[in-house]
Amino acid sequence: MLIHHHNRRALCKGSPTTEQPIFSTRAHVFQIDPNTKKNWVPTSKHAVTVSYFYDSTRNVYRIISLDGSKAIINSTITPNMTFTKTSQKFGQWADSRANTVYGLGFSSEHHLSKFAEKFQEFKEAARLAKEKSQEKMELTSTPSQESAGGDLQSPLTPESINGTDDERTPDVTQNSEPRAEPTQNALPFPHSSAISKHWEAELATLKGNNAKLTAALLESTANVKQWKQQLAAYQEEAERLHKRVTELECVSSQANAVHSHKTELNQTVQELEETLKVKEEEIERLKQEIDNARELQEQRDSLTQKLQEVEIRNKDLEGQLSDLEQRLEKSQNEQEAFRSNLKTLLEILDGKIFELTELRDNLAKLLECS
């Protein structure tokens with residue numbers, strides 16, 4: 001931070017003690033692409049401090065921003081300049097002296113509005129200062145020339161604005177539909193059919209639950225991956241903010257500015273820590289849901305295996321039944337043949353008995369005659 005202050009003073013063309021920061025904020029800094037004149041080129045990797053400075057010796061207002069030891073904005077405000085809001089968090093102005101267009105991406109609409117108000121205020125002050133200077137020159141009857149004809153609005157305003165990192169939020173949507181599977185055939189036996197229907201109902205229920213849990217698992221996995229990336233970004237931002245707070249505490253020349261920055265950064269760190277805590281709790285809940293989904297998957301696999309065993313047993317019983325039916329049919333055929341043979345034998349036996357009866361009667365008559 002001490003290097004930053006020395007650099008700010010080195011940028012001032014007047015006396016180092018006559019130029020002081022009068023308003024500061026943080027924003028992502030962009031410049032128009034000098035080749036295409038349409039696209040924005042970021043000049044800072046992260047949000048940096050952008051300040052309004054007033055040089056009491058030269059009676060001018062300037063916008064200055066440093067990224068490390070490099071001055072990425074050094075623009076003198078003139079009455080002809082115009083600050084334009086192009087979105088809720090992005091604004092721009094043209095500097096004809098630097099032959100470029102500067103763009104600032106803020107974290108909120110409030111910061112953008114505050115910066116725009118200050119720009120208008122200091123632009124009006126620059127106009128009044130220029131008028132007073134011209135009046136003084138007229139009173140002293142000194143030939144005066146207007147300096148450089150005033151700054152004109154640059155025609156480099158881009159047709160398309162890239163915006164800031166806060167406005168680039170990807171929207172990832174995952175849709176997964178469970179694949180339909182054919183149902184099992186009904187079993188032929190009453191008892192086996194009841195068991196099979198029971199297991200089929202259990203399997204259908206588990207398939208529905210598994211499909212829902214699979215979709216939830218895919219969505220949860222995607223959310224966990226995204227939240228892990230956000231957590232890493234939040235942690236990096238928190239570490240950077242902690243370092244920023246430490247640096248600001250070491251600066252004694254700007255106690256009021258340091259105190260306000262420290263309060264804002266502490267609030268941001270607290271919010272990030274609360275967000276991290278919420279995300280960690282959400283990750284734990286998703287892990288529990290994943291474990292439950294795995295248990296249900298194991299139960300489904302177990303029931304599927306049991307159902308397969310029942311089907312195999314039913315097939316065995318069907319084979320046994322077919323064998324018994326064949327045996328029964330053969331036995332019935334044998335009984336029919338036996339009955340037919342028995343009937344024939346009875347008829348022959350009846351004939352023989354009748355013959356024997358006649359023979360007995362004839363023998364009896366012969367005995368009586370003799």
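K123 sits in helix 2, which spans residues 109-139; helices here are DSSP runs of H or I with at least four residues, strands are runs of E with at least two, and both are numbered from the N terminus. The model is a predicted one, so to speak of local features takes a pLDDT of at least 70 and side-chain atom pairs count only at pLDDT 80 or more, while totals for chains, interfaces and linings use all residues. Residues are numbered from 1 along each chain as its sequence is written, and side-chain values use heavy atoms, with hydrogens and water left out.

K123 is buried but has no salt bridge, and the nearest side chain of opposite charge, E124, is 7.2 Å away. Buried stands for under 20% relative accessible area, exposed for over 50%, and partly exposed for what falls in between (1.4 Å probe, protein chains only). A salt bridge would take a side-chain nitrogen of Lys or Arg within 4 Å of a carboxyl oxygen of Asp or Glu; Lys and Arg count as positive, Asp and Glu as negative, and His and the chain ends are not counted. What K123 does have is the backbone oxygen of M81, 2.8 Å from a polar atom of its side chain. Neighbours within four places in sequence aside, K123 is in contact (heavy atoms within 4.5 Å) with I77, T78, P79, M81 and T82.

As for the whole chain, there are four helices and eight strands, running α-β-β-β-β-β-β-β-β-α-α-α from the N terminus. Of its 370 residues, 28% count as buried.

Terms used. Polar contact = N/O pair within 3.5 Å; in protein donor to acceptor, adjacent residues only side chain to side chain.
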